[in-house]
Amino acid sequence: MNHRYDTIIVGAGPAGLTAALYTARSKLATVVLERGAPGGQLLNTKDIEDYPGFEHVGGFELADLMHNHAAKFGSEFRTANVDSIRLNPDADGVRDRWKVVTDTGDEYFAPTVIFTAGGSPNYLDVPGEKEFAGRGVSYCAVCDGAFFQDQVIVVVGGGDAAVEEADFLTRYGSKVYLIHRRDEFRAAPVILDRALANPKLEMITDTVVKSIEGAAAGVTKLVLQGARKEDGSYDFEGTGPTRELPTEGVFIFVGFTPNVSLLKEHVEHDSAGYLKTDERMESSLDGLFVAGDLRSQLVRQITTAVGDATTAAMAVAQELTEIGGAMEPVVEESETPA
């Protein structure tokens, strides 16, 4: 099936849901493509306490509120696995310059795409990590640090993010341990020096996490193992004696991967792969707007995703006005037999 809209939003996290609200309110024919339930990373977050106006709200609840709000104004939501986002080589003018194809062969055409597929934290892939996600295991210090007031906190990682977040978490935890599998950190010297000077922060090097353990209420301890062999080389599967480290909170910062693989065109990006935009949230390609965790920026929070998406949606509305106004969504039978 071929589908034509004013804008195609790929991803239904906070950025995608916000973009859908504003494009629909602007009377643009909008479709949102999401492989699962609307909400994105909100669905992996048990409690949210840093979204303005909500002293406390559950991730599922906020996702549902955002989804219903956008749908109320007419945005269409389709469950679909997107295979590719690319410039349409057969475009007849601007109206169908972008082509989005799903794994079922459906093709969506629009003059604009708002790309909000987010990113994914890299995982340790150890026993207990998935089981205790949201119950002691976190990937966002700003989001969840306050839940561990006066508790023992562990941070895992060795780069800038891990060291900075460990230093940040000392304002909450009674003690913070930073575990790194090597003896040298990848973090910038100025960041590392500041962390080393913090009396509440202790480094544990040459060590890997073997498992995360706990009870119904959440994490209670980590099982650690030495990663350095007697000859000085490393075995990151663990080679030394094991020991237990009691803790209530584990923050994992071993990398974050933006979900850019769906995009089959070259777009300007930073050294980590995040897409660069102008002040309108437009990428280096005309008609491709980017919002949320995919975008190169200082912080990645629900509030920044919402702000990015508002700007992107209004820029799309302005662009549609310039090329002749909004259209009604069009669905055409595919020329290729199913």
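The model is predicted, so local features need pLDDT of at least 70 and side-chain atom pairs count only at pLDDT 80 or more, while totals for chains, interfaces and linings use all residues. Residues are numbered from 1 along each chain as its sequence is written, and side-chain values use heavy atoms, with hydrogens and water left out.

I start with the whole chain. The protein chain has six helices and 22 strands. Those are DSSP runs numbered from the N terminus, with helices being H or I of at least four residues and strands being E of at least two. For 338 residues, a compact globule would have a radius of gyration near 20 Å, and the 22 Å of the protein chain agrees with that. That radius is taken over C-alpha atoms, and the globule rule is 2.2 Å times the number of residues to the power 0.38. Along its principal axes, the C-alpha trace spans about 65 × 45 × 40 Å.

Of the 338 residues, 49% count as buried. Buried means under 20% relative accessible area, exposed means over 50%, and partly exposed is in between, with a 1.4 Å probe and protein chains only. The accessible surface comes to about 16100 Å², and 49% of that surface belongs to carbon and sulfur atoms. These areas come from the Shrake-Rupley method with a 1.4 Å probe; for residues, only the protein chains shown count as cover. If we take contacts between residues at least 6 apart in sequence, 62% join residues at least 24 apart. Contact here means heavy atoms within 4.5 Å.

Now to strand 8, residues 98-102. How many of its five residues are buried? Five of the five are, and the strand is described as mostly covered. In a regular strand the side chains alternate between the two faces of the sheet. In strand 8 both faces are covered, with Trp98, Val100 and Thr102 buried on one side and Lys99 and Val101 buried on the other.

Strand 8 has pairing partners, where pairing requires that DSSP finds at least two bridges between two strands. Strand 7, residues 82-87, runs antiparallel to strand 8 and is joined to it by five bridges. In that pair, arginine 86 stands opposite lysine 99. Strand 9, residues 107-110, is also antiparallel to strand 8, with four bridges. There, tryptophan 98 stands opposite alanine 110. The hairpin of strand 8 and strand 9 has four residues between the strands, and glycine 105 in that hairpin takes a positive phi near 90°.

Leaving out residues up to four places away in sequence, leucine 285 touches Trp98, Glu265, His266 and Val267. Leucine 285 counts as buried, because its relative accessibility is 18%. Its C-alpha is 8.7 Å from that of glutamate 265, which is 20 residues away in sequence.

Methionine 281 lies in that loop too, between strand 20 (256-258) and strand 21 (288-290). Its phi is near 70°, a positive value in a residue other than glycine. Another such case is aspartate 125, with a positive phi of about 60°, in the loop between strand 11 (119-121) and strand 12 (137-138). Which of the two words applies to aspartate 125, buried or exposed? At 61% relative accessibility, aspartate 125 counts as exposed, whereas methionine 281, at 8%, counts as buried.

Strand 12 holds serine 138, which is buried at 2% relative accessible area. The serine 138 side chain reaches the backbone nitrogen of cysteine 140 at 3.1 Å. Setting aside neighbours within four places in sequence, serine 138 is in contact with Asp144, Val250, Phe251 and Ile252.

Eight bridges join strand 16 to strand 17, residues 218-226, and threonine 207 stands opposite glycine 226.

I finish with helix 5, residues 189-196, which contains leucine 192. Leucine 192 counts as buried at 16% relative accessibility. Beyond residues up to four places away in sequence, leucine 192 touches Val163, Phe185 and Met203.

Definitions and conventions: Polar contact = N/O pair within 3.5 Å; in protein donor to acceptor, adjacent residues only side chain to side chain.
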